[in-house]
Amino acid sequence: MKKVDVVVVGGGPVGLWTACELKLAGLDVAVLERRIARTDQSRALTIHGRTVELFAMRGIADRFLAEGKPIPTGHYAALDTRLDFSSFDTQFPFTLFLAQSRTEALIEDHARELGVEFLRGHMVESITGDAAEGYQLSARQECGVSVFGARAVVGADARHSIVRRTAGIAFEGSDATVSIMMGDVRLKGANGPPVRTVSNERGGVTIVPVGPGGVARVIVIDPRRMRIPVGEPLSLEELASSTRQVLGEDVQLSDPTWLSRFGDETRLAARYREGNLFLAGDAAHLHLPAGGQGMNVGLQDAMNLGWKLAAVLNGVAPDALLDSYQKERRPVGAQLARNTLAQGAVMTGFDLAHLALRAEMSELLELPEVNRRLAGVLSGFDLRYLGGDLFGDALGVGERVADRALRFADGTYTSIYRLLSRGKWLHLSCQSGMRMPLPEWLHPQAVDFVSASFAGLEVRDDSVAACLIRPDGYNAGHTIASGVAATNPA
Ligand SMILES: Cc1cc2nc3c(=O)[nH]c(=O)nc-3n(C[C@H](O)[C@H](O)[C@H](O)COP(=O)(O)OP(=O)(O)OC[C@H]3O[C@@H](n4cnc5c(N)ncnc54)[C@H](O)[C@@H]3O)c2cc1C
């Protein structure tokens with residue numbers, strides 16, 4: 001039996017990112033993935049700005065930015081008024097278009113650089129044991145079965161998760177009620193801008209460019225075909241005929257690289273933890289892919305779970321820290337289920353009442369505060385983890401920390417996100433001698449202590465004097481010289 005600290009079941013983006021975080025913190029981790037080769041499907045095209053920030057906190061954002069295409073806006077329910085990210089305090093006020101196959105490849109590169117053991121062709125068939133004694137996993141390969149022992153298991157194994165079933169965690173929700181067609185195809189003859197959404201009494205079409213030479217993702221909601229089961233194969237002719245019907249244009253679709261249907265099945269795991277079995281990504285939440293969220297939320301689950309699990313297994317934090325994973329992330333999963341159900345209700349009705357609802361909502365989205373509210377939820381920029389027992393109630397607890405340039409006493413520069421790249425807590429003294437108390441359970445060994453001032457910002461009464469930042473880039477409290485509240489550490 002091969003023994004490691006953690007086995008991650010599932011080597012999709014969420015499993016791989018979880019493994020990276022665990023390895024960065026010094027744990028021995030193996031990822032077991034049933035597939036022999038990576039999928040070449042473009043699936044999650046949208047990477048939200050907050051996810052690019054996570055990559056920046058581990059020093060690899062440039063790799064995604066070099067390949068992806070920034071799109072300044074996003075969408076909610078394919079409404080005509082687009083979501084605007086320009087008002088967020090971030091270096092990445094956009095969504096980045098990149099095929100999921102490339103995102104997975106870049107995360108896999110990062111995992112291999114860190115030394116994660118990534119084993120393809122390993123289908124986990126059984127998990128036994130418990131948190132006290134450890135877990136044993138059997139994985140079937142082409143030529144036999146391997147057995148692994150682990151202190152903890154992360155289920156990033158999506159819809160039919162064996163980890164979730166072993167843990168006896170219910171996957172509550174509703175079956176699919178509609179099916180939507182999509183294809184990555186070469187497109188000729190379509191009018192309008194590169195990103196285009198059309199909704200009328202005949203149905204809905206969204207066209208998004210995915211590659212050079214007119215390759216586009218075409219998503220079609222045809223009311224006459226919405227009851228076809230999601231699992232039924234889709235032909236190019238069916239997609240083309242519905243596209244022409246809705247658009248009323250003689251568009252030509254050819255050279256499909258992926259044809260599929262997806263639906264609005266919506267489920268949320270009743271718990272994210274049972275003993276030392278944990279769920280993340282699609283294993284914890286399933287929903288209509290609308291607004292580009294599933295992979296993003298899953299990667300943020302991974303970022304939340306990784307450092308906590310590592311800290312507990314490394315003995316520098318109490319087991320109770322792991323309960324905060326569910327406390328912080330399950331509400332995000334619940335909000336994801338809610339907003340995608342709502343988007344589905346708006347997107348899949350084409351009678352006069354639904355078209356009127358779309359027009360009203362589109363108009364409401366022109367109000368900056370409404371637009372920002374939805375943009376903040378979908379991007380993750382506005383997510384705040386409310387304090388709770390473990391993180392106390394110091395100023396700013398749970399707020400997302402925006403990146404800032406920092407200047408050391410010797411005149412050299414760095415930035416907050418760069419300092420987070422080791423995956424440790426960051427205690428920043430911005431004014432000489434100023435300190436934040438650490439939570440009493442937190443071992444100082446888990447913290448990088450740094451003295452540096454905010455570059456280019458003059459010190460005011462409400463400037464942050466010291467702050468404590470979690471490894472996932474959320475504020476664990478800050479103090480200011482005068483005792484007046486400041487929102488972000490700047
Ligand atoms: C059409 C479409 C468009 C989408 N667009 C977006 C988007 O723009 N943005 C976004 O954020 N999300 C989007 N999504 C959702 C996104 O694709 C998923 O949320 C994402 O893939 C979830 O990642 P994951 O790692 O949790 O699961 P997966 O990517 O499904 O990976 C799970 C892995 O576990 C493996 N596995 C399962 N069982 C076992 C086992 N027993 N043993 C070993 N391995 C196992 C599987 O082989 C698989 O590789 C879209 C989805 C679809 C269908």
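# Exercises on a predicted protein model

Helix 1 contains 12 residues and stretches 16 Å from its first C-alpha to its last, close to the 16 Å expected at 1.5 Å a residue. Keep in mind while you work that this is a predicted model.

## Exercise 1: Helix 1 and Thr18

**Task.** Find out how many residues of helix 1 are buried, and say whether Thr18 is buried or exposed.

**Solution.** 

Step 1. Begin with the helix as a whole. Helix 1 is mostly covered, with 10 of its 12 residues buried.

Step 2. Now put names to them. The buried residues are Pro13, Val14, Gly15, Leu16, Trp17, Thr18, Ala19, Cys20, Glu21 and Leu22.

Step 3. Locate Thr18. This residue belongs to helix 1, which runs over residues 13-24.

Step 4. Apply the cut-off. Buried means under 20% relative accessible area. Thr18 has 0% relative accessibility, so it counts as buried.

Step 5. Look at what surrounds Thr18. Setting aside neighbours within four places in sequence, Thr18 is in contact with Val154, Ala302 and Leu305.

Step 6. Follow the chain past the end of the helix. Just after helix 1 comes Gly26, with a positive phi of about 95°.

## Exercise 2: Helix 2

**Task.** Work out which residues of helix 2 are buried, and which residue with a positive phi follows this helix.

**Solution.** 

Step 1. Write down the names. They are Gly49, Arg50, Thr51, Val52, Glu53, Leu54, Phe55, Ala56 and Met57.

Step 2. Move on along the chain. Helix 2 is followed by Gly59, and the phi of Gly59 is positive, near 80°.

## Exercise 3: Val31 and its contacts

**Task.** Which residues are in contact with Val31, leaving aside its neighbours within four places in sequence?

**Solution.** 

Step 1. Val31 sits in strand 2, residues 29-32.

Step 2. Check how covered Val31 is. Its relative accessible area is 0%, so Val31 is buried.

Step 3. List the contacts. They are Val8, Gly10, Gly11, Gly15, Ala19, Val116, Glu117, Phe118 and Leu119.

Step 4. Link this to Exercise 1. Gly15 and Ala19, two of these contacts of Val31, are among the buried residues of helix 1.

Step 5. Finish with a distance. Val31 and Asp448 are 417 residues apart along the chain, and their C-alpha atoms are separated by 28 Å.

## Exercise 4: The whole chain

**Task.** What would the radius of gyration be near for a compact globule with 490 residues, and what value does the protein chain have?

**Solution.** 

Step 1. The protein chain has 11 helices and 28 strands.

Step 2. Compare the two values. A compact globule with 490 residues would have a radius of gyration near 23 Å, and the protein chain has 23 Å, so the two agree.

Step 3. Picture the box. Along the principal axes, the C-alpha atoms fill a box of roughly 70 × 60 × 35 Å.

Step 4. Consider burial and contacts. Buried residues make up 56% of the 490 residues. Among contacts between residues at least 6 apart in sequence, 70% join residues at least 24 apart.

Step 5. End with surface and charge. The accessible surface is about 20,100 Å², and 52% of it belongs to carbon and sulfur atoms. The mean positions of the 51 positive and 57 negative charges are 3 Å apart.

Methods. Residues numbered from 1 in each chain as written. Predicted model: local features only at pLDDT ≥ 70, side-chain atom pairs only at ≥ 80, totals over all residues. Heavy atoms only, no water. Helix = DSSP H or I, 4+ residues; strand = E, 2+ residues; numbered from the N terminus. Rg over C-alpha atoms; globule rule 2.2 N^0.38 Å. Buried < 20%, exposed > 50% of the residue type's maximum accessible area, 1.4 Å probe, protein only. Contact = heavy atoms within 4.5 Å. Areas by Shrake-Rupley, 256 points an atom, 1.4 Å probe, with all protein chains shown as cover. Lys, Arg positive; Asp, Glu negative; His and termini not counted. Charge placed at Lys NZ, Arg CZ, Asp CG, Glu CD. Expected span 1.5 Å × (residues − 1).
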